[in-house]
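The points go from the overall layout to the ligand site.

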Amino acid sequence: MKKKIAVLPGDGIGPEIIEQGIKVCKAVAQRFHHDLEFEYGWVGAEAIDRTGNPFPDETFELCKQADAVLFGAIGDPKYDNDPDAKVRPEQGLLAMRKKLGLYANVRPVTTFPSLRGKAPIRPELLDGVDFVVLRELTGGIYFGKPQGRSEDGLTAYDTSVYHRFEIERIVRLACEYAMQRDKRVTVVDKANVLATSRLWRSVAGEVSKEFPEVTMDFMFVDNAAMQLIQWPKKFDVIVTENMFGDILTDEASVITGSLGLLPSASIGQYTSVFEPIHGSYPQAKGKNIANPLGTILSVAMMFEYAFQLHEEAEIIRKAVLKSLEENYVTEDINSEHSYTTSEVGDWIAAAILA
Ligand code: IPM
Ligand code: MG
């Protein structure tokens with residue numbers, strides 16, 4: 001099979017982890033005789049430095065023409081500490097999501113038996129956790145207008161906006177996911193306070209009628225934040241708006257044992273983007289210590305969702321599991337005896353070819 005992959009390493013540890021993802025792609029291509037073409041593009045702080053724009057038009061074109069996009073991370077401390085910066089790297093990520101119509105961010109959360117005891121939660125609560133969060137990605141408070149500051153600078157405002165069609169399409173996707181799984185959907189909102197949440201509830205209720213086999217329940221986000229940690233096994237598919245999904249998936253990453261392990265897929269209108277859920281981890285930039293597994297598992301999701309190549313995805317996942325079982329891991333997982341980012345990447349690529 002011939003596929004073109006747009007590669008956007010981004011900032012911080014992005015380039016280091018993406019390199020491991022590419023190694024894995026090449027190993028899979030070699031083993032299964034696929035023809036993969038990689039084309040690199042700028043995004044984030046790197047893109048601002050070069051072009052003034054965190055998501056330049058050339059990068060947009062590159063993504064549109066690709067069969068899938070592999071994305072590293074975005075963010076640079078020099079902008080975080082400057083509240084008056086006119087352009088910010090994160091705007092590149094938001095522009096990419098909006099322009100590519102990446103409306104659903106799929107973040108699976110499972111526990112790995114070999115990491116039992118690594119998470120700061122009692123292990124018996126975590127054995128066999130397996131749920132997926134569908135985070136809405138192109139609406140809500142991240143994009144709503146008006147947003148800004150009053151002229152005197154004393155007041156600031158953000159606006160959360162949701163249209164019916166935006167809720168409908170992601171809730172439908174959540175129900176389709178549930179049909180492949182345990183047929184349960186939890187809609188997370190704040191309907192006791194927010195008008196957007198009340199629209200979510202009514203639209204979700206209507207969509208659920210199309211899926212009589214799916215059981216849908218509704219949960220306020222504060223309660224969901226608590227239940228995720230207390231009874232994570234009870235969830236199957238969670239669907240929620242943009243900001244709640246951002247917060248809950250960072251929380252959920254604690255369940256697996258390391259933020260560095262969680263992959264994601266963003267389903268889009270033009271193409272889909274695959275990226276680890278963690279950020280650019282600037283403190284580790286260039287040190288070859290970051291965990292590449294979130295990226296490598298995102299590559300597995302790419303083979304599965306974008307190319308429909310399930311065996312390839314499974315081989316990648318098996319190699320990752322094996323690296324965890326054999327303790328061939330980075331320092332976030334084993335601080336006493338760890339391997340570097342590139343050593344873990346090499347090991348997994350070799351395991352795929354073995
Ligand atoms: C994520 C990140 C981004 C978000 C940031 C970097 C803008 O936290 O992908 O979860 O908030 O969506
Ligand atoms: Mg986040």
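**Notes on the predicted model**

1. The centres of domain 1 and domain 2, taken over C-alpha atoms, are 24 Å apart. In the contact, 21 residues come from domain 1 and 22 residues from domain 2. Please keep in mind that this is a predicted model.

2. As for the domain bounds, the assignment gives domain 1 as 1–118 + 257–354 and domain 2 as 120–242.

3. Between them, domain 1 and domain 2 bury about 2000 Å². Carbon and sulfur atoms account for 57% of that buried area. The accessible area lost when parts come together is often used to give the size of an interface.

4. Which residues are around ligand 1? They are Glu90, Leu93, Arg97, Arg107, Arg135, Tyr142 and Asp246. By class, the shell has two nonpolar, no polar and five charged residues. Helix H5, residues 89–99, contributes the most to this shell, with three residues.

5. Side-chain contacts to oxygen atoms of ligand 1 involve several of these residues. For Tyr142, an N or O atom of the side chain is 2.5 Å from an oxygen atom of ligand 1. For Arg135, a polar side-chain atom lies 2.8 Å from an oxygen atom of the ligand. For Asp246, the distance from a side-chain N or O atom to an oxygen atom of ligand 1 is 2.9 Å. On its own, ligand 1 has 320 Å² of accessible area, and the protein covers 77% of it.

Note on methods: Residues numbered from 1 in each chain as written. Chains lettered and ligands numbered in written order. Predicted model: local features only at pLDDT ≥ 70, side-chain atom pairs only at ≥ 80, totals over all residues. Heavy atoms only, no water. Near = heavy atom within 4 Å. Polar contact = N/O pair within 3.5 Å; in protein donor to acceptor, adjacent residues only side chain to side chain. Areas by Shrake-Rupley, 256 points an atom, 1.4 Å probe, with all protein chains shown as cover. Helix = DSSP H or I, 4+ residues; strand = E, 2+ residues; numbered from the N terminus. Nonpolar A, V, L, I, M, F, W, Y, C, P; charged D, E, K, R; others polar. Domains from an automatic or database assignment. Contact = heavy atoms within 4.5 Å. Buried area = accessible area lost by both parts, 1.4 Å probe.
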